[in-house]
Every structure is written in C-alpha cells, then in structure tokens.
Amino acid sequence: MSGQKKTIRSRIQTYGSNLSSMIIPNLGAFIAWGILTAIAVPTQLELFTNFISPMLNYLLPLLIGFTGGRLLHDFRGGVVGAVATMGVIVAADIPMFIGAMIMGPLGGLAIKKFDQVFEGKIKSGFELLVNNFSAGIIGAILALFGSIAIGPLVSAFTKVLGAGVDFLVSHGLLPLVSIFIEPGKVMFLNNAINQGILNPIASSQIEETGKSILYLLEANPGPGLGILLAFMLFGKGATKASAYGAGIIHFIGGIHEIYFPYVLMKPLLIIAAILGGMTGIFTLTIFDAGLVSVASPGSIISILLMTASDSYIGVILSVLFATAVSFAVASVILKFDKKGDNEDLAEASKKMEAIKGKKSSVVSGLSNSGQTGKNDAAMDFGNVKHIIFACDAGLGSSAMGASLVKKKLKAAGYGEITVKNIAISNLPTEADIIFTHKELTDRAKAKQPDAYHVSIDNFLNSPSYDEVVEKIKNAGSSENGDKINEILTEDNIKLSGEAKDKEQAIAEAGRILVEQGYVSDDYVEKMFEREKSVSTYMGNLLAIPHGTDNAKEEVYQSGLAIVIYDDPIDWDGNEVRLVIGIAGKGNAHLELLSSIATSCSELENVEHLIKIKNKKDVIAFFSEGEE
C-alpha cells in the first residue's frame, strides 16, 4: 500500500510540476495584471480598467497555452498551443486558465506527432509551405474542438469548484481546507493545489469582486514562520542555529520549502501548520480580505504588493495570527514531545548531518551519503561540466542550493562548471550531477537515469554539497596531478630501442603502454592519427607521441613509456634519440608534458639522459626535474 501511495503522490507532484511549468514563466504578466488591477479597482480610472478584462480573458490564457505548447515542441508547438487555446477562450465567459493548461500542451503534442510522422518525407522546397499549413490546419481543428468540447466542460468544472468554495465561505468552513493544504505543501504538492485548483477559481472571482481570498490560502507564510520561530526558541543545537537563517529566507525570500525539513523531522508539527493556516484563513474571511493576483514567491513583500487596497489590515493580521498560533502549538510540541520522530538510526543520522551542514565521522557509517542512481564507481567526477538543481517549480529552493554549490566550486577552483536551477519537468539531457529533494529524486531519476543523482533533505545546508565538491577535487587531483615519479616504473623504460624509423618508434612506445595496462590497443592507432595531423617532435632530440583528443576513452590510467635509442631516428627530418609515449587520464597529459618540458628543456640534459644505462637513474632524472 505504501508503494501505491508513493506512486500516487509522485503522479500528483508531476501533475503540479507540469502546471507550474506553464504558469511560472508567465508570472511577470500576472504581476503586471495584478498591479494594474490594484490601481483600477479603487480608482475606477478608465485608463487602468481597460486592461483588466482583456488581459485576464485573453493575454494570460494565451500565454499559458503558448508556454504549454512550447514545452512539448518548442516555438512551433507554442504557436499551435496558443491557437488551440483560443477555442476554449471564445467558448466561455470566465478566464480559461484550466482550459489553456489543457489545450496548450495538446496543441504542442499534436504538431509534434505530425512532424515526427512526416520527418524526411517532405520534398525539398516545400518545407515552409507544409510547416505553415500543417500548423494552421491542426491549430484550427483543435480550436474548434476546444470550443465545442473542452470549453464547456472546463466552464462547468470551474463553476462547480466555485460553488464549493462559496459553500465553504458562506458556512464558515473555508478554514478547513488547511487540513489538506498544509500537509500537501510539505509533500511538495503545492503546485498542484495552487495552479490546478485555487488560482483558476481565484481568477474568476477577480472579475466579480476585484480580489480573491484564494490567492493567500497556500501562500500565507505565517504557518511556516511560526514553526521556525519555535525552533529558534525551543530547538536544540544545529536545528536552533539554522532556524534563524531559514526564517529570513522563508518570510522575506518567499521560499517556503525551507521549513519542510523541520516538519519532516518532527511530523507532529504538521498540526501547528494546519492550525496556523486555519487561523490565517479565518482572519481573511472576517475582514473580507484578499489579493488581486498571484503572490509568487510567497514572500511577505510580494504578498503586500498584491494585496487589494481595502485588504491590508486583514492580510497583515492573517499572517500575524497564523504565525502566532503556529508558533504556540509548535512550541508546546517541541517542549514536551520527548519521543522524537521514531526514525530509524540511519535516517536520523542522515537528517542530523543535513541540518548540521557537514559530514559526521561518528555517524557516517550509519547513514547513506544521499546519492542514488549512478554510483561513484560509474561516475567520472573529473569530467563534470553541468550540475543541475531541480525542484518542483525550478525556483526558490533549487536556486538557493545552486547558488551555494556555485560558490563552493568557485572557491575550490572549479568555477568553469555550470550550476543551474530548473524545474524537474525540464531536466536537460546534458546534466552530469542532479541535486533534488529526497521526495523528488525518483522523478528525476526517471527523467534522467544516466545522471549522478544526489538526494538531499535540506537545500539550505546539506553535507552532500561539500561531499560532491570534494569528489570533484579528488578526481581533479588524481587526473591533473599525476607526477612522473609516481607513475614511472622500470617496466616502462627501454634503454636500447629497436625501432629504425618514426613509425616503428611510435609502435614501440605504444606497445609498452598497452603491455603495462595503461591503454587499449586502439590507443596506439590514435597515436598514429595524432602524428599525421601534428608532428610530436619537440626539439632537443626528443619526441613525445600521444593519442588524439578523442582517445581519452581508450586510456585506463595515466602512464608513460620511455625509449632511448643508441642511433638517431629520422623524425620528419629531425634527429630523435629519446621517445616518450604519453597516456593521460582526463587532462593528466598536460601535467605530464609540463614535467617533461622542465626536465628536457636543455639539450645537455637530454644528452645526459640518453647516456644513462641504469633504469633507476632514469627515474631519478625525472624525479629531480619535478622537485
């Protein structure tokens, strides 16, 4: 049963994430509409009132439809999605946000399937004609379908939901929705609640009343702030210390995910969140307060900016009272609940490390490092180029985590590694390492199974950040820091080579690298390819044959092959007595070349080397060059 519940929850999370992917890129338009509405409602100035209905009924749904189509099939999908959305817009007398969320992706999917079927089958010169007419025809058909079928259904569904809200309000039952909203937030279902239910109904109410209480049901920061304040006063150790920073990020920054780990540590705290949420909603209903548009992120700043002109007292008091009640209940729980979370030892250790912000040597054997998916052995940390932080919406918590890791990498000298935050539904294929909250890791792995996944509890201060940076540093050290005296053995040295020409010399050095297990047989072919494009003669009787740039997969580990010749070999018209074959793992060949250059920079040094008749002395020669 638990596995089934997890699947259902994951599906709801995915649904909410898809909805938010259509809404969040257009939040600027929602805010612009909200600002104009906030001015128009109290002033009734025609200059501002003229914007309200057209933006609400046409601009915002079309933007959502375009974005939904584009998510599935780029700009072409966006155009068809917008055209299809017009069908549900003209069929209804309410804002068609839900209809746009259906028709936009449907338009993108339809044109995507068409392009897949006819890919490579259109005669040259007819591409533009077919592309334009196919988009137009499919868009027109979907617009008619939306107008006849989808629009009326969505209108009926929205009216039913609206009637349900009116019933709850008129009977004083609206605060009870916190029983579902607050636990849903902690389980990362907030986007499904907001974008799928609350916001579409709220948009309909705006046209009638100029404000809506629904915009603040989930966005109220009071319940979370009260819990964090309780930890500040009654928490212990690292939880108490971290609560101060978390409180600022939550209340001012609007990143509500920051308090979720505190509730997950002590599940009884969900009672505090529910009662705080109910208090806030009850206060809003008493004062008939509401917002004029979406407040995202849920910062007190954005909430006040979106507050209706007659609702400031009610909105402010709803936040204060929700905070007070949540704080009071959470304080009692923290003070008198001595049982803890009934966690198993490994889970408790892992969460303790997440809040502490660093790995504990005492409990490291009890907890998993947080990594799931591709294991350490299969991950090439020395070749990491893209790190992704993914959360449900791609904002807030993931942006915070990405910023922290970016600073850590820059301080470690790896500023060239790109670190981005993104919605989990838009994970790029080039991601090498993906950080997600543990509740979302399964979804991330399903989308990108070949990446290295790191599952964390807390985006603010996870020990996994330092662990990953350390693994990258160690990989860099092993790949870029190989020293000749550390990898050069007597078996790699041949004091009297047998080759008579350049090709034989390359083959002789390559054979040593293969026999000693540094490279595959194919690497030797890459050495010949390199020589055809660029001569590896270095001067001072020295040649350094090595593979091409695309030969890295043929290198098992960094290695050297040193061959000294009694008689000079003709190397493109130059005399060569010393041949050093190189195989570098990652970028290790750069370090090896630098060391060789130091040792062989003077002709007299090379002349001294080729006279040596003892392999130990050859190793000593290069060791002295590295000191």
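Helix 3 and helix 4 cross in a right-handed manner, a crossing being right-handed if the near helix is turned clockwise from the far one by less than a right angle, and left-handed if anticlockwise. The contact between helix 3 and helix 4 comprises 16 nonpolar, 11 polar and three charged residues; Ala, Val, Leu, Ile, Met, Phe, Trp, Tyr, Cys and Pro count as nonpolar, Asp, Glu, Lys and Arg as charged, and the others, Gly among them, as polar. The axes of helix 3 and helix 4 are 9 Å apart, at an angle of about 30°. Axes are lines fitted to C-alpha atoms, for helices over the stretch in contact, and angles run from 0 to 180 degrees between N-to-C directions. Helix 3 and helix 4 are therefore roughly parallel to each other (under 35 degrees is roughly parallel, over 145 roughly antiparallel, 65 to 115 roughly perpendicular, and the rest oblique).

The model is predicted: local features need pLDDT of at least 70 and side-chain atom pairs count only at pLDDT 80 or more, whereas totals for chains, interfaces and linings use all residues. Residues are numbered from 1 along each chain as its sequence is written, and side-chain values use heavy atoms, with hydrogens and water left out.

The protein contains 23 helices and 10 strands, which are DSSP runs numbered from the N terminus (helices H or I, at least four residues; strands E, at least two). Of its 627 residues, 52% are buried, where buried means under 20% relative accessible area, exposed over 50% and partly exposed in between (1.4 Å probe, protein chains only). Among contacts (heavy atoms within 4.5 Å) with a separation of 6 or more, 71% join residues 24 or more positions apart.

Beyond neighbours within four places in sequence, Ile64 contacts Met22, Ile23, Asn26, Phe30, Phe97, Ala100 and Met101.

Helix 11 also packs against helix 8 (residues 222-234), the axes coming within 8 Å and crossing at roughly 135°. Helix 8 and helix 11 are therefore oblique to each other, and their crossing is right-handed. Pro223, Ile227 and Phe231 of helix 8 meet Leu269, Ala272, Ala273, Gly276 and Gly277 of helix 11. This contact has six nonpolar, two polar and no charged residues.

For helix 6 (residues 178-186) and helix 11, the axes come within 9 Å and cross at roughly 130°, which makes helix 6 oblique to helix 11. From helix 6, Ser178, Ile179, Glu182, Pro183 and Val186 meet Ile270, Ala273, Ile274, Gly277, Met278 and Ile281 of helix 11. Eight nonpolar, two polar and one charged residues form the contact.

Asp288, although not a glycine, has a positive phi of about 50°. Asp288 sits in the loop between helix 11 and helix 12 (300-305) and counts as exposed, at 53% relative accessibility. Asp572, also not a glycine, has a positive phi of about 55°. Asp572 lies in the loop between strand 9 (559-571) and strand 10 (574-583) and is partly exposed, with a relative accessible area of 46%.
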